[in-house]
Amino acid sequence: METLDLSEGRRIDALVLPRTISAALTSENIATLVPRPEADTYELSNIRKVGTIVIDGTVVRIQPKTPIRRLFALLGYARDPAALWRADDIEFDSDVDLYSAVAHAFARSSSSALAGGVLRGYVVREEALPVVRGRWRVTDQITRRAGQILPLEVVYDDYVDDIPENRALKSAAIRLLRFPNLPKSTILSLRRTLRLLDDVATLPAGSGMPGIRIDRRNVRYRGALALARLILTDSSLEHRQGSVVGSGFLVDSWTVFEDFVGAALGEALERRGGIATTQYRSWLDTAGRVSIAPDLIWEVDGRVAACIDLKYKIEHRGAYPNADLYQLVAYCTRFGLDTGHLVYAAGDSEPGIVDVVDGPTILQHALDLDAPFGDLLAQVDELAGSIARSEHRGGSSSRIAMRAPFDARVHR
């Protein structure tokens with residue numbers, strides 16, 4: 001198959017593309033394409049997604065700015081902080097694409113989950129049988145059989161391996177095997193998973209991931225199920241443009257960043273007390289007409305103690321420059337806060353302070369995504385500590401509280 005390699009943040013002034021591919025990139029909101037005078041030639045910019053998609057026989061690979069290993073770790077932590085597959089010890093080749101990385105991790109995780117045997121569980125069966133099994137459904141016998149004695153309408157519990165957990169694993173493995181160019185070892189591992197789950201049904205098309213609660217019975221499936229959810233729902237892609245069908249795996253880097261920081265920073269703040277809530281729903285006006293949803297709110301003793309907005313990168317261009325600052329000032333005004341916090345990815349921003357005239361002080365923080373994952377979590381914890389100290393000191397003393405190591409670069 002032909003391959004088209006793109007990179008997050010890269011701009012191409014003149015790119016020749018078949019119309020089926022340009023239509024897919026546009027309709028799936030993957031990038032911005034502006035036609036040029038030359039036939040089938042486009043100016044490509046603003047690549048918003050990373051990953052891999054196959055369209056009309058062409059594999060389109062979009063490499064993220066963040067290394068695959070790190071992006072994968074952020075993706076895992078955001079979906080399930082306790083999932084084992086977020087660890088840095090997962091082996092990835094330096095040039096592997098995101099889809100292959102997900103497939104490799106799922107194959108490894110599902111093999112580990114099934115190593116102790118296929119999980120079994122009880123399911124409720126309602127059937128018509130020639131003998132009594134379980135409980136006799138008398139009402140159904142009367143209404144359905146019109147006085148006939150046999151067969152008997154019964155309901156019983158059956159101990160089988162055809163349960164939602166196994167259906168999710170099997171469906172995810174089938175989805176992955178549809179994609180071309182996977183490493184041979186990954187393909188063999190996925191096929192072993194399918195052989196073990198041969199008697200298990202697949203999930204209905206379009207049904208997504210079933211609701212599965214993790215408990216002691218199925219905890220060994222936890223990592224594999226988190227990946228299955230990612231493959232089947234959150235970031236899977238089935239594209240159809242006319243008669244052209246594409247499939248793949250794409251994620252928004254900004255969504256991964258904001259989900260990770262929201263989860264990790266929320267946990268770090270709650271370790272210091274209070275409750276952290278992502279996408280906090282509230283109103284800006286007294287009439288309740290203007291809705292707002294700050295990325296992260298920290299409440300202590302029933303009051304909003306801190307408001308944090310998360311941005312993958314600064315908006316340098318557009319109709320509303322400095323929109324991030326305007327938004328956070330509105331949030332701080334709504335909650336009566338003297339200090340607000342903006343968290344960016346390092347490289348797009350440096351830590352700093354914006355003193356708003358007759359308004360709140362906006363503290364800008366930068367997280368280094370290229371740091372080892374443990375160090376990145378330590379950065380988040382230090383950030384939570386500085387936010388907590390700022391809240392306890394209160395008001396105009398918030399700058400004094402910025403002496404923690406994490407914020408040593410803040411301009412005063």
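This section describes the fold, sheets, helix packing, nonpolar cores and aromatic pairs of a predicted model.

The protein chain contains ten helices and 19 strands. Of its 412 residues, 48% count as buried. Among the contacts in the protein chain with a separation of 6 or more, 62% are accounted for by residues 24 or more positions apart.

In one of them, the strand order is S2-S4-S3 and the pairing is antiparallel. Strand S2 (12-16) and strand S3 (32-35) stand at the edges of this sheet; each has a single partner strand, so one side of each is left without a neighbour in the sheet. From one strand to the next, the twist averages 40°. The antiparallel pairing of S2 with strand S4 (residues 41-45) extends over three bridges. Valine 16 has threonine 41, in S4, as its bridge partner.

The loop between helix H1 (19-27) and S3 holds asparagine 29. This asparagine 29 is not a glycine, yet its phi is positive, at about 60°. With a relative accessibility of 43%, asparagine 29 counts as partly exposed. A positive phi in a residue other than glycine is also found at aspartate 358, where the value is near 55°. Aspartate 358 belongs to the loop between strand S18 (352-355) and strand S19 (361-367). Its relative accessible area is 84%, and aspartate 358 is therefore exposed, the cut-off for this class being over 50%.

The other open sheet has three strands in the order S7-S9-S8, again with antiparallel pairing. Here the edges are formed by strand S7 (121-129) and strand S8 (135-136); because each has a single partner strand, one side of each is left without a neighbour in the sheet. Nine bridges join S7 to strand S9 (residues 152-160) in the antiparallel sense. Within this pairing, glycine 121 stands opposite valine 160 in S9. Helix H4 (residues 138-145) lies across S7, S8 and S9, and runs at about 125° to S9.

Helix packing is illustrated by helix H5 (residues 164-177) and helix H6 (residues 184-196), which pack at an angle of about 145° with their axes 9 Å apart. The crossing in which H5 passes H6 is left-handed. On the H5 side, the contact is made by Lys170, Ala173, Ile174, Leu176 and Leu177. The H6 side contributes Ile187, Leu190, Arg191, Thr193 and Leu194.

The largest nonpolar core comprises 97 residues. Those with the most contacts inside this core are Leu6, Leu44, Phe106, Phe260, Leu265, Trp298 and Ile308. Helix H3 (residues 98-114) supplies the largest share of the core, with ten residues. Another core, of 14 residues, lies apart from it and includes Ile292, Leu325, Leu342 and Ile362. When residues up to four places away in sequence are not counted, isoleucine 308 touches Leu265, Leu269, Asp295, Leu296, His341, Val343 and Ile387. Of these neighbours, Leu265 is itself listed with isoleucine 308 among the residues with the most contacts inside the largest core.

Eight aromatic pairs are counted in the model. In one of them, the ring centres of tyrosine 77 and phenylalanine 260 are 5.6 Å apart and the ring planes stand at 75°, so the pair is edge-to-face. This pair links distant parts of the chain, since tyrosine 77 lies in helix H2 (residues 68-79) and phenylalanine 260 in helix H8 (residues 253-270), 183 residues apart. Both tyrosine 77 and phenylalanine 260 are buried.

Phenylalanine 260 also forms an aromatic pair with phenylalanine 373; this pair is tilted, with 6.0 Å from centre to centre and 45° between the planes. Because phenylalanine 260 lies in helix H8 and phenylalanine 373 in helix H10 (residues 373-393), the pair ties together parts that are 113 residues apart in sequence. Phenylalanine 260 counts as buried at 0% relative accessibility. Phenylalanine 373, with a relative accessible area of 6%, is likewise buried, as both values fall under 20%.

Conventions: Residues are numbered from 1 along each chain as its sequence is written. This is a predicted model: local features need pLDDT of at least 70, side-chain atom pairs count only at pLDDT 80 or more; totals for chains, interfaces and linings use all residues. Side-chain values use heavy atoms; hydrogens and water are left out. A nonpolar core is a set of buried Ala, Val, Leu, Ile, Met, Phe, Trp, Tyr and Cys residues joined through side-chain atoms within 4.5 Å. Buried means under 20% relative accessible area, exposed over 50%, partly exposed in between (1.4 Å probe, protein chains only). Helices (H or I, at least four residues) and strands (E, at least two) are DSSP runs, numbered from the N terminus. Contact means heavy atoms within 4.5 Å. Two strands pair if DSSP finds at least two bridges between them. Axes are lines fitted to C-alpha atoms, for helices over the stretch in contact, and angles run from 0 to 180 degrees between N-to-C directions. Rings of Phe, Tyr and Trp (its six-membered ring) pair if their centres lie within 6.5 Å; planes under 30 degrees apart count as stacked, over 60 as edge-to-face and the rest as tilted. A crossing is left-handed if the near helix is turned anticlockwise from the far one by less than a right angle, and right-handed if clockwise.
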